[in-house]
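Have a look at the model first, then read on.

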Amino acid sequence: MALIKSISGIRGTIGGKSGDNLTPQDIVESTAAFGHWLLNKGAKPKVVIGRDGRISGSIVNELASATLRAMGIDVVDLGLSTTPTVEMAVTMEEAGAGIVITASHNPREWNALKFLNDKGEFISKADGEALLEIIESGDIEYAGVEELGKVLHDDRYIKRHVEAILDLPYVDAALVKSKKYRVVVDCINSSGSVAMPPLLKALGCEVELLNKKPNGRFAHNPEPLPKHLKDLSREVVELKADLGIAVDPDVDRLAFVCEDGSMFGEEYTLVAVADYILQQQPGNTVSNLSSTRALRDITERHGGQYFASAVGEVNVVTEMKNRNAVIGGEGNGGVIVPGLHYGRDAMAGVAIFLTLLAKSGQTVSALKAGYPEYHMVKDRIELTPQIDVDGLLKDLENKFKSEDYNTIDGLKIDFADGWVHLRKSNTEPIIRVYAEGQSPEAAQAFADRMKSAALELIG
């Protein structure tokens with residue numbers, strides 16, 4: 001059981017004691033602090049709220065909505081929705097902020113409040129720190145009875161989101177319709193059930209849904225990793241489908257399954273989408289330090305420059321704006337299309353990928369075979385209280401100073417044929433060790449080499 005208050009939001013497990021878990025008291029105080037922050041900034045007193053399909057979602061939603069109204073803030077409640085839909089609705093509504101109620105890929109006992117600014121983007125580190133200070137102080141003032149906020153329930157935004165995607169210059173809906181693709185979608189008992197069917201039907205696809213009841217009782221671990229997608233893989237083969245699609249509970253992460261049941265790989269979701277967009281609009285790309293090198297290779301193939309950011313969507317978005325990137329995202333299946341909005345969007349990723357597939361005339365597996373082949377492993381170094389993590393990373397930096405390295409987020413070392421990225425976990429007493437190579441064995445060898453060097457320094 002846990003409650004984690006950080007600059008990226010408030011998350012925790014439902015039930016238990018206030019201050020130890022995500023309870024009604026914690027939800028109210030966090031939302032009130034956000035409302036206070038919003039009013040202090042002089043932003044418009046209007047907040048868009050949406051939630052994924054979690055069991056606790058409607059309760060958290062109602063508590064947050066009532067708290068904001070008690071502060072004199074109007075609420076536009078999208079109900080069951082997606083993270084990217086809420087992000088877009090903030091700007092469409094000209095609201096002062098937004099709240100997404102989702103714990104993303106965490107198991108069903110978790111939920112969270114994720115806070116958006118008036119641009120529909122996750123709040124900055126500085127704003128997150130200010131919010132945490134308000135929560136700690138508890139210095140909140142509520143509105144009088146004549147100034148209470150109103151609530152508007154609006155379920156039109158999935159439709160508006162789909163329309164905006166179809167209007168993108170990168171999406172050729174007519175061409176995709178002509179292919180009549182058969183698609184299997186794992187909705188993981190959440191928002192994908194309401195978001196994916198209207199998009200795919202607008203693209204002329206024949207759609208089969210798995211785990212389609214949005215009751216939050218996830219049929220498997222909700223993170224769209226290969227080991228959790230065996231049923232989807234089997235269904236794609238049995239139905240002779242053209243591809244499989246997996247999204248996470250709030251539909252901002254995206255993974256594909258090839259027509260033969262093999263994994264396209266969530267790291268390659270962004271690579272494929274970037275490949276197509278760079279064909280239409282040459283330019284720069286951005287992903288975080290822990291994402292596949294294949295994006296760099298594809299970007300340079302199209303004459304652009306690749307840039308890496310620290311891990312975290314806020315950091316990716318900041319770097320995309322700094323570099324005027326035409327496409328960016330994260331290797332966890334997160335695609336960010338600036339022409340639509342600055343947030344990870346699985347729905348946009350699907351529409352662009354299907355356009356790429358239709359124009360290529362290839363199968364999904366053949367498309368994947370045309371990209372640089374890399375393999376990634378994710379390992380860890382266990383920590384004890386006695387270990388000086390910053391000192392250890394600095395010692396490793398000195399040990400490998402002859403290599404190409406980056407220290408904006410932990411330590412990443414780029415070798416000629418692979419890389420290793422070490423960063424301290426924010427939630428566990430470990431150093432995360434991500435490595436990539438041209439084979440699974442090569443990737444593991446990079447990770448093992450770095451772990452051995454670290455353990456030798458620790459003594």
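A quick definition to start: two strands count as paired if DSSP finds at least two bridges between them. Keep in mind that this is a predicted model.

**Strand β6 and its partners**
- Ile-10 sits opposite Leu-113 in β6, and β2 (residues 9-13) runs antiparallel to β6, joined by four bridges.
- β5 (residues 97-101) also pairs with β6 in the antiparallel sense, over four bridges; here Val-100 has Lys-114 as its bridge partner.
- Seven of the seven residues of β6 (residues 110-116) are buried, so the strand is largely enclosed by the rest of the structure.
- Side chains in a regular strand alternate between the two faces of the sheet.
- In β6, Trp-110, Ala-112, Lys-114 and Leu-116 point one way, while Asn-111, Leu-113 and Phe-115 point the other way, and all are buried.

**The open sheet**
- Four strands make up an open sheet with mixed pairing, ordered β13-β12-β14-β15.
- β13 (306-309) and β15 (334-336) are the edge strands, each pairing on one side only.
- From one strand to the next, the twist averages 20°.
- β12 (residues 284-288) and β13 run parallel, with four bridges between them; Ser-287 stands opposite Ala-308 in β13.

**Helices on the sheet**
- α11 (residues 313-323) packs on the sheet and touches β12, β13, β14 and β15, with its direction at about 165° to that of β14.
- α9 (residues 267-280) lies across β12, β14 (325-330) and β15, and runs at about 175° to β14.

Methods. Residues are numbered from 1 along each chain as its sequence is written. This is a predicted model: local features need pLDDT of at least 70, side-chain atom pairs count only at pLDDT 80 or more; totals for chains, interfaces and linings use all residues. Side-chain values use heavy atoms; hydrogens and water are left out. Helices (H or I, at least four residues) and strands (E, at least two) are DSSP runs, numbered from the N terminus. Axes are lines fitted to C-alpha atoms, for helices over the stretch in contact, and angles run from 0 to 180 degrees between N-to-C directions. Contact means heavy atoms within 4.5 Å. Buried means under 20% relative accessible area, exposed over 50%, partly exposed in between (1.4 Å probe, protein chains only).
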